[in-house]
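Please work through the exercises below with the structure open beside the text, trying each task before reading its solution.

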4 protein chains.
Amino acid sequence: MIVVMKIGAPEAEITRLTEEFSSWNLNSEKIVGKHKVVIGLVGDTVDMDPLQIQESSPWIEQVLRVEKPYKRTSREYRHGEASEVIVPTPNGAVAFGEHHPLVVVAGPCSVENEAMIVETARRVKAAGAQFLRGGAFKPRTSPYAFQGHGESALGLLAAAREATGLGIITELMDAADLEIVGEVADVIQIGARNMHNFSLLKKVGAQDKPIVLKRGMSATIEEWLMAAEYLLAAGNPNVILCERGIRTFDNKYARNTLDLSVIPVLRSLTHLPIMIDPSHGTGRSEYVPSMAMAAIAAGTDSLMIEVHPNPKKALSDGPQSLTPERFDRLMQELSVIGKATGRWFAEPATVGV
Amino acid sequence: MIVVMKIGAPEAEITRLTEEFSSWNLNSEKIVGKHKVVIGLVGDTVDMDPLQIQESSPWIEQVLRVEKPYKRTSREYRHGEASEVIVPTPNGAVAFGEHHPLVVVAGPCSVENEAMIVETARRVKAAGAQFLRGGAFKPRTSPYAFQGHGESALGLLAAAREATGLGIITELMDAADLEIVGEVADVIQIGARNMHNFSLLKKVGAQDKPIVLKRGMSATIEEWLMAAEYLLAAGNPNVILCERGIRTFDNKYARNTLDLSVIPVLRSLTHLPIMIDPSHGTGRSEYVPSMAMAAIAAGTDSLMIEVHPNPKKALSDGPQSLTPERFDRLMQELSVIGKATGRWFAEPATVGV
Amino acid sequence: MIVVMKIGAPEAEITRLTEEFSSWNLNSEKIVGKHKVVIGLVGDTVDMDPLQIQESSPWIEQVLRVEKPYKRTSREYRHGEASEVIVPTPNGAVAFGEHHPLVVVAGPCSVENEAMIVETARRVKAAGAQFLRGGAFKPRTSPYAFQGHGESALGLLAAAREATGLGIITELMDAADLEIVGEVADVIQIGARNMHNFSLLKKVGAQDKPIVLKRGMSATIEEWLMAAEYLLAAGNPNVILCERGIRTFDNKYARNTLDLSVIPVLRSLTHLPIMIDPSHGTGRSEYVPSMAMAAIAAGTDSLMIEVHPNPKKALSDGPQSLTPERFDRLMQELSVIGKATGRWFAEPATVGV
Amino acid sequence: MIVVMKIGAPEAEITRLTEEFSSWNLNSEKIVGKHKVVIGLVGDTVDMDPLQIQESSPWIEQVLRVEKPYKRTSREYRHGEASEVIVPTPNGAVAFGEHHPLVVVAGPCSVENEAMIVETARRVKAAGAQFLRGGAFKPRTSPYAFQGHGESALGLLAAAREATGLGIITELMDAADLEIVGEVADVIQIGARNMHNFSLLKKVGAQDKPIVLKRGMSATIEEWLMAAEYLLAAGNPNVILCERGIRTFDNKYARNTLDLSVIPVLRSLTHLPIMIDPSHGTGRSEYVPSMAMAAIAAGTDSLMIEVHPNPKKALSDGPQSLTPERFDRLMQELSVIGKATGRWFAEPATVGV
């Protein structure tokens, strides 16, 4: 921590502060500048709150943090190495990570019935996806909107898994459902609206299934990494960070602003694998292919794309879903970029475990 | 709903759409404009998603919602009348609402020990507060930061309630704690980070204690009212809306941007009482008095202000807490405005029940 | 400036950097922390760009600024004293500042014809305003919208000034119009869209008339003060800062988000007087009174309020204009708060010069 | 325009409104819904302001625009066809547009001296760029920062043009400099801070050189297209839209948030060519390659990239500049994607004119 004193701070106050910091086991190193005195605090400051330190004296102008507030999620924690998240699925283990081919997750926003989910699973598998996404519990802005078929939908996801061998990714909204979701899901998704639900993070971090952690609508990158830190601190290192669009001043043409610049930023800050969801990120199916192409070119490790056999009739998020036909074509388009950048899977698409 | 067709939309497509809408029990009324055809949908469209309708045809340019998506929280629902939330406390019932005096809630960010919470309660009561706030469970960005003393802190709040007769407002983060929180709290607070935690909203809406619903950091007013709608739809009409600062592009000098303009906007849209929290809203104790003054002048029904006997030593949020002395002075300053605008309490401060 | 080195930065690199900084006439003071080395740069660093320093070595993690980037606008520049801007008007000199009564500026968005502007001037003067606002040149989002009556409108403002003795505030959009605007205006307004038009700032800062500088739609407080610094550095110390609403994620119910929290923040950072424009700040006349009340309670030095004799027929911004009758009533409401806080003018409303 | 009446609006008021609209040459078509009456206005409503209509009656709840507010920039204006902007340069004419290869613009933030600008021009030309960028006039947040070498820098750009045959793109900040900038520039850039400087837009739109219009820091896509409309309405159809990063709630790791999602959105709304500036968009040279790759994969028509022979010593924006060596490598990486998507230039890179 760096403590910047106001102009004219009395020498006696600086001495008093130094003694106070000393009582917190922090050494103070003083720099006397042209106008101001700056105190560098040496010691274990990672968990300290800069605002807290600021309260120590009315003569403190500001307190600047030097240490990053996250540890386990930081790239330095693994000495600069990327981590990989390996997920066993009926078709074999699939690895997410910087040194692995792109992993594609596809499927409908919500699970509607067995025919549609099994059909969708077959289609996205045929096109090259390794995971099926599908919501059983849906966070909806309106209490009157369709809230997902809940537990019964979990059974349908299990059926689709059995029929195709695809891994299943589905959202957990309520810690009370953790067990039943964990029985079906190969990867548990924490949605954007729950990124700051710390109670849920602690509980899901304490179980073993890999986790996709979506970025909150207005979460800074640092807050997002701190949410991941909750998961890692609770014992689960298998976390994938999923960008799904942020909230900005303009949502007239796209529902959110997909922030693809997180790809190089996250790569430099954390070892965790990166996923991009251009479907929620734009909210319009016509913009999804362009953004999926951009994401793979920018170096994402994974894509999550909504596919629905009949978007017009979808119970939720139809406007952002691709038809299976459009998804087939997109996968071909993506393969061109993926091969050019060395991130397309060779056959077979899974790693041996 | 208003469906705007693209320029050149074929007559046959418009006919087809009209039939499709008819199968959804919606009548279509067509307006042929200079360049475009517009279809007005008449029927029960409140719960429909405009994006969903848009998917019905590639010839649809946009779909505009005419109905507000919230019902029970709307001012129209009560035919323009304000509602009041009456909270029984040991000192008598306190009413929150447009036609009642300002209600002041004060206390520390988190409950630290019995001496500090009882002392704070005594001081804020003496200054004129009717409720004590204090966190037992604290949402913290870092998993390594102090998370609140939890259940034991609830006991301390009960002691402070007993000692002073003040009503207690404390935050619920996890539905699993609903029962123990409900035993102590006179009003249950849902924090900004959980405004979109719909599972929690459903459960807290299904119990009887009044609820303070804080606005999410980047929640639109409409989303905030929809979150309140979850509570009302679940059966609890006693909801107070609390603004606590939003996230904008500038947080260098204040932690959040306190959005006081919600006061007249909410007044026109909803019948629910309004609370302003200038402590979280600015994050700096030196800005709190000015914003509290502004809030009462703008017409708030209630204020929530952080007070700590020794902010420098606070375990959380010290920098935004007033000392009891500063709070005493603020209450006097507020009384000047409150009397001028007819919102200051006469003795006694409580309503008969 | 504080230079934070990455973990593991080699000693030799730190030595090399120290020499490089020395060649820039900066002394380096090194603090060896638990994980990282931090270098404090002592010397004339105010005008340096932290990003520039960062480029000096790939081993630099971040560079933190300790000095504020603005000088003449800072409160310290006047040793903590507020400045006052005194504007001569036909009715006498009017002073804007922390230690003066509230100054009210009122009038229509744009000058439409002589009858309406003179009539409006008479009405707002009678209600207690000291300045008439009115646009001759209007920044409009659409090239097809009414752009103001230009030079001829300036003549009408002069007529209103003559008829009432009120000071005139009008916007300058183009440096080419500086002379003709300066002939009529007692205070020149720089609009939000030109806050970052540095060419214009330099030219208007080089003339003598006082200036109202509106905050850019998404300008941080620091950028706003830097724009004021352009004016002061060009030689004109008579600058009033006007908040007019910022751009956030929600503009459904209000056109902008009026940021009243700038009042205490600016008070602590700068000596310049503060003006609040609740008309542009909300964009809806029905929200203006509540926000004007809040502004005076929070301590603003001045208010700018749109008044139009017939808002329905206004050529621009009708929806945010008060009628003269509503403005009369608002002035009475404001006087209650103003008297309570000691900021209401006694008769006469002007200072002797 | 669609006028939505409040619940309970009296029949007589609706009749009165209909008559008022009729006096504005607008036909009213009434739709009687379940709760509300909606009036569709048929006629020439493009230039009308919805807020203005709203003022016509207190019984109007909202007014919804059906027409887009921009005409000449809309894709419909060219019946769905993309436009191309052809720029003559000494090396031949270069075409920007959807059906042309990617055009690369490169060079330093500001022109420092002849040796550096000619050297940079040679290097970026050798790597495949067709235009040299370089600032003579620089918009700087601080009045004390380097403001560009001004007119003398224009002479240096002319020398670089002569030496290499590259086209020149440079920023115009002040209409007073239009002539001297126009003598050297092949394309005139309007910077983000001047996107809303309508006086400047009118003047630059009235001359013949092609224009790059950067998006304002917090300009919506619609506002950006309206700014372009100013240029087209003033007579200049040769406009290229350049995204350079927007302002959001997070700027800790990147200076702005590069909004790549504008690529598919602009493609659907306008016929104008698209340029992406990942250098300003991220503010960090290490993130530029990833975002440039993403931009070409997403379908941009052009890239603007900062290159400086010695970024550490740059007078401005060093931290976001690539070295010539890194730029060489980036062009090779881009060519892989460009060839895969059919947007890379074959030899020769120019079109015949």
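**Exercise 1: two helices of chain D**

Helix 10 (residues 288–298) of chain D packs with helix 11 (residues 324–340) of chain D at an angle of about 25 degrees, and their axes are 10 Å apart. That angle makes helix 10 of chain D roughly parallel to helix 11 of chain D. This is a predicted model, in which local features need pLDDT of at least 70 and side-chain atom pairs count only at pLDDT 80 or more, while totals for chains, interfaces and linings use all residues. Residues are numbered from 1 along each chain as its sequence is written, chains are lettered from A and ligands numbered from 1 in the order in which they are written, and side-chain values use heavy atoms, with hydrogens and water left out.

Task: find the handedness of the crossing of helix 10 of chain D and helix 11 of chain D, and the residues of the contact.

Solution. Begin with the terms: helices (H or I, at least four residues) and strands (E, at least two) are DSSP runs numbered from the N terminus, and axes are lines fitted to C-alpha atoms, for helices over the stretch in contact, with angles running from 0 to 180 degrees between N-to-C directions. Angles under 35 degrees count as roughly parallel, over 145 as roughly antiparallel, 65 to 115 as roughly perpendicular and the rest as oblique. A crossing is left-handed if the near helix is turned anticlockwise from the far one by less than a right angle, and right-handed if clockwise; the crossing of helix 10 of chain D and helix 11 of chain D is right-handed. Taking contact as heavy atoms within 4.5 Å, helix 10 of chain D contributes D:Pro289, D:Ala292, D:Met293, D:Ile296 and D:Ala297, while helix 11 of chain D contributes D:Arg326, D:Leu330, D:Glu333, D:Leu334, D:Ile337 and D:Gly338. Sorted by class, the residues of this contact between helix 10 of chain D and helix 11 of chain D are 8 nonpolar, 1 polar and 2 charged, where Ala, Val, Leu, Ile, Met, Phe, Trp, Tyr, Cys and Pro count as nonpolar, Asp, Glu, Lys and Arg as charged, and the others, Gly among them, as polar.

**Exercise 2: a helix pair in chain C**

Task: describe how helix 7 of chain C and helix 8 of chain C pack.

Solution. Helix 7 (residues 221–233) of chain C and helix 8 (residues 262–269) of chain C meet at an angle of about 50 degrees, with their axes 12 Å apart, and are therefore oblique to each other. The crossing of helix 7 of chain C and helix 8 of chain C is right-handed. From helix 7 of chain C come C:Ile221, C:Trp224 and C:Leu225, which meet C:Val262, C:Val265, C:Leu266 and C:Leu269 in helix 8 of chain C. The contact of helix 7 of chain C with helix 8 of chain C has 7 nonpolar, no polar and no charged residues.

**Exercise 3: the surroundings of helix 8 in chain D**

Task: which residues of helix 8 of chain D are buried, and what do they pack against?

Solution. Buried means under 20% relative accessible area, exposed over 50%, and partly exposed in between (1.4 Å probe, protein chains only). In helix 8 (residues 262–269) of chain D, 7 of its 8 residues are buried, namely D:Val262, D:Ile263, D:Pro264, D:Val265, D:Leu266, D:Arg267 and D:Leu269. These buried residues pack against helix 10 (288–298) of chain A, together with helix 7 (221–233), strand 12 (239–243), strand 13 (274–276) and helix 10 of chain D.

**Exercise 4: salt bridges**

Solution. A:Arg133 forms one with A:Glu306, the closest N and O atoms being 3.7 Å apart. A:Arg133 lies in strand 8 (residues 131–133) of chain A and A:Glu306 in strand 14 (residues 302–306) of chain A, so the pair ties together parts that are 173 residues apart in sequence. A:Arg133 is buried, with a relative accessible area of 3%, and A:Glu306 is buried at 0% relative accessibility.

**Exercise 5: a positive phi**

Task: is A:His79 buried or exposed?

Solution. A:His79, a residue other than glycine, has a positive phi near 55 degrees, and A:His79 is found in the loop between strand 4 (60–64) and strand 5 (85–89) of chain A. With a relative accessible area of 73%, A:His79 is exposed.

Notes. A salt bridge is a side-chain nitrogen of Lys or Arg within 4 Å of a carboxyl oxygen of Asp or Glu.
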